Amino acid sequence: MRLVLAAALLASAAVPALAAPVHSYGALALSPAGDKLASIESGGGIHGKIVVRSVKDGRILATIDPCVTCSYSGLTFGPGGSLAWLQRDRAAGTMTLEVGEGKSSRAIAVVKGVAQTPRFSPDGKRIALLVTIGAAKESGATQPGVRQVGEIGEKSDEQRIAVFDLSGKTVSDVSPLSPADRYIYEYDWTPDGRGFVATTALGNGDNNWWVATLDAVDATTGAVRTIARPKTQLNFPRISPDGKTVAYIGGLMSDFGPVGGDIWTVPFAGGEPVNATKGDKATVTSFTWTRGGIRETRLMGANAQVATFAPGKGTQVAWEQPVSFGAGDGRVAFSSDGSVLATVVQDFEHAPAIYAGPRGAVRKITADNDGVAPVVKATSITWKNDGYDVQGWLIGPRVTPAGKAPMIVNVHGGPSSASGPSFASADSPNAEYVNAGYYVFYPNPRGSYGQGEAFTAANKRDFGGGDLRDILTGVDAVEKVAPIDDERLGLTGGSYGGFMAMWANTQTNRFKAIVAGAGLSNWISYYGTNGIDQWMIPFFGKSAYDDPEAYTKVSAITYIKKARTPTFIYVGERDIEVPPTQSIEYWHALKELGVPTTLMIYPDEGHGIRQPEHILDLKKRVFAWWAKYLGK
């Protein structure tokens, strides 16, 4: 599991008065012809607008902003070049599906609830949309859950497919097409426009993604036919241009959002899926099945890659850089024939920019952030442990300090995920840490993406075992190349990273201060109280009731009397993924044992801290904790 944070929440340092605002690009989409792109752009935290640009030179062709009080999402181009998007009016509780060209647009549907992922039919005459009518909460388990009062578990929001005729009037009473008892996670039109391929599950959508099936949905009747029941988690269902084969990313995934695995294929008519990239030492993070073949993005160690893949012929890497692709999602947009691509590129030292062009001649086409200076220095660190090649990122000052400095080790959530490059603007957590005199180390231990599926699966039934050894060995590797004071090491993380922080306190005294966000302290009690228990079965093999020993032996509470390190704990009151009871249990144990500890439960927050006043409070508390126990 990963902890979603809305903004910087680590150290609080002064922001340079003349620091240039960072221009952001979100939800990037590329036209089928590959001649124009669209993204949601903003600078300095102002209201985001839809900007359409020329792929050739980045020139702005149109700026679209029909609702200055709305937020935009879901940009997508139709076969003829029309652009569709969603605009959300939170005050009205609606999301409007708009389609237009240039500055003119019209409303296709007004959804009373939440919606996402609009997609044009192949002939451009209809558009589909995932809708949750009258949603009680935002989509996704990281969002704050509804309060657990009354009769529990008797109602859940189903996300369903709705289809709209573009030649009709605006629809205000939306009637979804797919069945009422089935949650649709992702989908793709079939080439003939008669249906969809989708990942779906019956019942509660937050919990059942881990057991979702690959299905076909009829675009007229909504009838569902199962194509396959994969043995792995799956994402990105896509169908071949001839309509005969379905491909998807399958692998060991601990969250719906962070995608990683191999490419699997199965006949659209049904059958047994085949792993088409078995044994690959990279992690596939997204792909598109274009008329020119499969185009994929991958993570291999520190590097993001764009590649062409053909079943039976292997992978050809076209572009590789130690950067992050996409606007926070690691994805790349392709033209319909796969010859042109566009994406957002950034790393720790370079602010986001749009890169676009033919696959062999991709170049930077925006200059909005050219005046934003780097604040930190980032270094990819690699090391070996237990026969594995492991990678991580060290963030530090651009000028090496004279003496030794403290370091914060930040463990990512998941565990199926990876810490990757994200620009360290002047007010980002990384810059704030560095300005305050700390180094920051982001290890990607076994269980992470970037080294292939065997590496991702290497911590099954071994949480806190080999991955903690990888982290400690990584700290050793960092200390060989940077002036780190081993007596002033801090450890932090959220979600699974929060578990690692709690667990490490019972396994080593190397860290002098710990901050645990939404951590798991007792896998047995967690199993019976969280809202996503299905995610644990692929990692443990059985439920906590069938194999309690496997859960007990990796629980921090089992070894709590060994804990000595001062620990600050925080969690959201309405966290579905990791209920606050896990933090309370750990805090109670530390208090009884006399270990310095503080617990903050933030009201109305889910699996992450989003409200500005809570973010500010958390930043102050975390920074004060480090200062007290690490001497800064």
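The model is a predicted one, in which local features need pLDDT of at least 70 and side-chain atom pairs count only at pLDDT 80 or more, while totals for chains, interfaces and linings use all residues. Residues are numbered from 1 along each chain as its sequence is written, and side-chain values use heavy atoms, with hydrogens and water left out.

I begin with two helices. Helices (H or I, at least four residues) and strands (E, at least two) are DSSP runs, numbered from the N terminus. The axes of helix α4, residues 466-479, and helix α5, residues 496-504, come within 11 Å and cross at roughly 80 degrees. These axes are lines fitted to C-alpha atoms, for helices over the stretch in contact, with angles from 0 to 180 degrees between N-to-C directions. α4 and α5 are therefore roughly perpendicular, a term for angles of 65 to 115 degrees, where under 35 is roughly parallel, over 145 roughly antiparallel and the rest oblique. On α4, the contact (heavy atoms within 4.5 Å) is made by Asp-467, Leu-468 and Ile-471, and on α5 by Tyr-496, Met-500, Trp-503 and Ala-504.

Next, the disulfide. The structure holds one, formed by Cys-67 and Cys-70 with their sulfur atoms 2.0 Å apart; the cut-off for such a pair of cysteine sulfur atoms is within 2.5 Å. The torsion about the S-S bond of Cys-67 and Cys-70 is about 60 degrees, so the disulfide is right-handed. Both Cys-67 and Cys-70 are buried, where buried means under 20% relative accessible area, exposed over 50% and partly exposed in between (1.4 Å probe, protein chains only).

I turn to the aromatic rings. The whole structure has 34 aromatic pairs, meaning rings of Phe, Tyr and Trp (its six-membered ring) with centres within 6.5 Å; planes under 30 degrees apart count as stacked, over 60 as edge-to-face and the rest as tilted. One of these pairs, Phe-463 with Phe-540, is edge-to-face, at 5.3 Å centre to centre and 75 degrees between the planes. Phe-463 lies in the loop between α3 (453-456) and α4, and Phe-540 in helix α7 (residues 537-540), so the pair ties together parts 77 residues apart in sequence.

Finally, the backbone. Most residues other than glycine have a negative phi, and most peptide bonds are trans. Gly-414 and Pro-415 are joined by a cis peptide bond, with omega about 15 degrees. Arg-461, not a glycine, has a positive phi of about 60 degrees, and its place is in the loop between α3 and α4.
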